[in-house]
Amino acid sequence: MTLLGSDGSSPGPGDASGGPESGGPRPPQEGVPLGQGNVTEVTRDGLRNVVSDRLAQTGAHGGRKRRSRRGDPNAMVPEAEFTSYYGRPVVKAAPWTNDIPAYLFMGGLAAGSSLVAAAADLTGRPVTRQAGRYTALAALLGSSYALIHDLGRPERFYNMLRVARLTSPMSMGTWILSAYAPAAGAAAVAELAPHVPGLPVWVRSVTPVAGRIAGISAAALAPALASYTSVLLSDTATPSWREGWRQLPVVFVSGAAASGAGIGLLAPLEESGPARRLAVGSAAVGIAAAYWLEHGTGLAGTAYSEGKAAPLTRASRGLLATGAALALAGRRSRAVSALAGLCLLSGSAIKRFSTFEAGLQSARDPKFTVVPQRERLRKGQQASERPIP
Amino acid sequence: MSRFQTNSLSGPLHDVAANAGHADPDSPEAKPRLGFFTDTSICIGCKACEVACKEWNSVPDDGLQMLGMSYDNTGSLGANTWRHVAFIEQQRPLGFQEPGLEGTPTGESGIRESADIVQGAVQRLPDATRMGTHALDYQLGAAAARPPVDLGLPLTKPPGDNGSAEGRTEFRWLMASDVCKHCTHAGCLDVCPTGALFRTEFGTVVVQEDICNGCGYCVPACPYGVIDRREEDGRAWKCTLCYDRLKDDQTPACAQACPTESIQFGPLDELRERAAKRVEQLHSLGVSDARLYGESPDDGVGGDGAFFLLLDEPEVYGLPPDPVVPTSNLLQMWRQAGLAGAGLVAAVALAFVGAGQ
């Protein structure tokens with residue numbers, strides 16, 4: 001019964017101490033017994049000042065650890081020291097299942113498809129238009145299912161429609177989705193009209209116009225649908241989502257564009273020129289934004305290349321790059337283009353899962369909450385102590 | 001008066017209930033903002049607050065576990081734990097002294113190795129503490145009648161028990177009863193898409209269990225990690241500051257049960273005054289560690305309705321050192337998302353227009 005709180009060094013991949021599992025920061029339930037050298041005293045003065053000699057004597061590590069970075073084995077980043085309550089998380093991880101990243105992807109896919117479909121409609125590309133509208137409806141249905149299925153009380157989903165709350169991105173998203181759904185649905189139904197026998201002539205003559213109006217309405221709401229989900233994640237206390245509020249909208253929107261382009265690439269070659277351009281552009285922006293997210297958000301960004309998120313982050317980067325390359329190479333082959341489309345679709349899907357996992361990891365490890373906040377306080381103190389010139 | 005002119009999203013907000021649509025502070029119907037001041041310096045770790053809360057609110061049990069975290073077998077606040085007493089055992093190093101506690105079990109006993117160590121220690125404990133000096137039952141009758149005799153043996157006392165705060169030894173035990181902070185700007189309430197979470201007339205934050213559909217958004221939105229979704233039930237739960245009792249002018253169960261008045265309940269203004277005096281008193285006694293946590297309306301959540309007097313840094317107790325309500329930069333977030341959305345339209349337009357027919 002000593003005390004104690006674990007120091008900053010919960011075992012992560014690449015940590016000298018190593019954890020029982022190879023995945024990211026260890027969940028709080030799986031403690032590591034004392035004596036493995038990764039528990040230290042919560043002696044305020046001890047950690048604050050240089051008492052590391054003493055700590056070394058007792059065999060407990062002071063918490064300063066080295067972590068090698070992928071790519072540059074010589075780049076040693078000293079791990080920050082911090083205190084916690086028995087290594088327990090400070091904030092709680094979202095209780096969401098994989099329904100949510102699946103929803104994030106399908107929402108983006110619907111948005112991207114609607115935009116591509118509307119553009120194809122206006123520029124005379126019927127196959128792309130049709131594929132986009134059908135995909136948008138399918139993704140919409142899938143995402144609605146995922147959203148409702150993830151609720152703790154799915155039978156009460158309609159309570160979402162009780163209020164419209166400006167401070168709740170989920171409430172805003174519900175209303176965006178509610179406005180988008182009829183438009184996207186009508187656009188897809190308009191595509192079906194020619195295949196339904198026995199429709200009156202006047203119905204057949206108005207469906208293209210109605211479809212275009214519905215399709216453009218859906219496309220007008222698509223940017224909101226594609227980007228609000230980033231605010232949904234950032235408007236939390238989950239460190240790796242919150243700190244990424246600048247980057248996540250770009251990541252998600254480029255993912256939506258990449259998936260829309262992926263659908264466009266499935267169309268015949270004479271139609272898929274714009275989708276090819278969009279594919280290359282969105283993949284490039286997506287890869288850059290993911291890099292910015294990983295490296296431009298301080299400690300929070302490291303969660304994207306740790307644990308479960310790490311292979312997903314790598315896979316999505318690889319798939320987006322491959323998709324862009326195949327899109328360029330496939331100018332004369334519909335099969336190669338289609339393969340490029342599949343790469344882009346899976347790449348942007350996996351990116352949502354990596355983002356989701358990184359956030360959960362950052363919430364489960366107190367390091368991500370305590371260290372930046374402590375740093376902020378320290379800087380604030382310094383700022384207030386600084387003499388006014 | 002526009003609500004957006006006041007600090008609705010972050011910053012100090014005096015009339016928190018009025019800002020949520022309740023009676024204006026000057027009107028006769030207005031209620032004072034109520035809250036807790038938890039003075040951890042006099043907490044004895046009895047957990048009466050945890051028990052009283054569970055009994056009054058019919059909170060289900062949170063599992064019987066040996067966590068190996070001192071006397072804390074509750075772990076943290078959650079859906080089924082609305083008061084949580086933290087136990088922290090600290091060594092205050094004096095020079096190179098080592099109390100010889102190294103190797104005794106800490107950490108969760110959820111894993112096999114840890115459980116084995118705890119088991120071994122538990123079996124050795126009685127013998128070790130008695131050290132062969134305990135009286136046998138048949139000796140007690142006569143012994144009880146005689147006054148104690150001083151044998152000149154060294155006495156043991158609890159650490160620091162010499163009548164003054166100055167004489168603290170290198171070992172100390174911190175206990176603190178944690179609870180929902182009922183923030184001025186509550187992240188959980190801000191993000192709730194159903195309106196299940198609401199601000200009461202007392203300025204507290206309560207979940208309406210008949211509305212909550214278990215979306216779980218409030219869980220990551222709380223900067224303190226308080227609210228959680230109940231596994232078997234699917235809805236989110238947290239401390240209500242005994243809303244039902246407040247309505248009948250009663251003291252919340254935990255404060256009523258606290259035997260040392262470590263948990264103090266009352267109008268927030270009074271509590272802040274009282275807390276400031278208590279810190280002053282402790283400082284004058286030489287307890288320079290004493291500090292208030294969550295009492296300042298200038299902090300990241302606009303001040304807590306339930307605030308604390310701590311004897312160490314907040315993170316030692318499992319509290320965030322500088323919590324900020326997620327919605328504090330919500331407008332910037334929306335702006336960024338709007339820009340990204342505009343970029344999406346531009347990208348698609350460029351791709352199609354540039355390509356021609």
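Guide: Two directions count as roughly parallel at angles under 35 degrees, as roughly antiparallel over 145, as roughly perpendicular from 65 to 115, and as oblique in the rest. The structure above is a predicted model, in which local features need pLDDT of at least 70 and side-chain atom pairs count only at pLDDT 80 or more, while totals for chains, interfaces and linings use all residues. Residues are numbered from 1 along each chain as its sequence is written, and chains are lettered from A and ligands numbered from 1 in the order in which they are written.

Visitor: Why are helices α5 and α6 of chain A called roughly antiparallel?

Guide: Helix α5 of chain A (residues 169-192) and helix α6 of chain A (residues 201-234) pack at an angle of about 155°, and their axes lie 7 Å apart; helices here are DSSP runs of H or I with at least four residues, strands are runs of E with at least two, and both are numbered from the N terminus. The angle is taken between N-to-C directions on a scale from 0 to 180 degrees, and each axis is a line fitted to C-alpha atoms, for helices over the stretch in contact. The value of about 155° is over 145, and α5(A) and α6(A) are therefore roughly antiparallel to each other.

Visitor: What makes the crossing of α5(A) and α6(A) left-handed or right-handed?

Guide: The term is left-handed if the near helix is turned anticlockwise from the far one by less than a right angle, and right-handed if clockwise; α5(A) passes α6(A) in a left-handed crossing. The contact of these two helices is made up of 21 nonpolar, six polar and one charged residues, where Ala, Val, Leu, Ile, Met, Phe, Trp, Tyr, Cys and Pro are nonpolar, Asp, Glu, Lys and Arg are charged, and the others, Gly among them, are polar.

Visitor: Which helices and strands does each chain have?

Guide: Chain A has twelve helices and two strands, whereas chain B has ten helices and ten strands. In chain A, 60% of the 389 residues count as buried, and in chain B, 46% of the 357 residues do.

Visitor: Why is B:E261 classed as it is?

Guide: B:E261 has 11 other C-beta atoms within 10 Å, so it is exposed. This residue lies in the loop between α8 and β8 of chain B, with a positive phi near 55°.

Visitor: What makes B:Q256 buried, exposed or partly exposed?

Guide: B:Q256 sits in helix α8 of chain B (residues 253-257), and because it has 16 C-beta neighbours inside 10 Å, it counts as partly exposed. Apart from neighbours within four places in sequence, B:Q256 is in contact with B:A52 and B:T251; of these, B:A52 is one of the buried residues of helix α2 (residues 48-57) of chain B.

Visitor: Why do β8 and β9 of chain B stand at the edges of their sheet?

Guide: The order in this open sheet of four strands is β8-β1-β10-β9 (chain B), with mixed pairing. Strands β8 (263-267) and β9 (291-293) of chain B each have a single partner strand, so one side of each is left without a neighbour in the sheet. Strand β1 (residues 34-39) of chain B pairs with β8(B) in the antiparallel sense over five bridges, and at least two DSSP bridges are what pairing takes.

Terms used. A residue is buried if 20 or more other C-beta atoms lie within 10 Å of its own, exposed if 12 or fewer, and partly exposed in between; C-beta atoms are placed from the backbone. Two residues are in contact if their C-beta atoms, placed from the backbone, lie within 7 Å.
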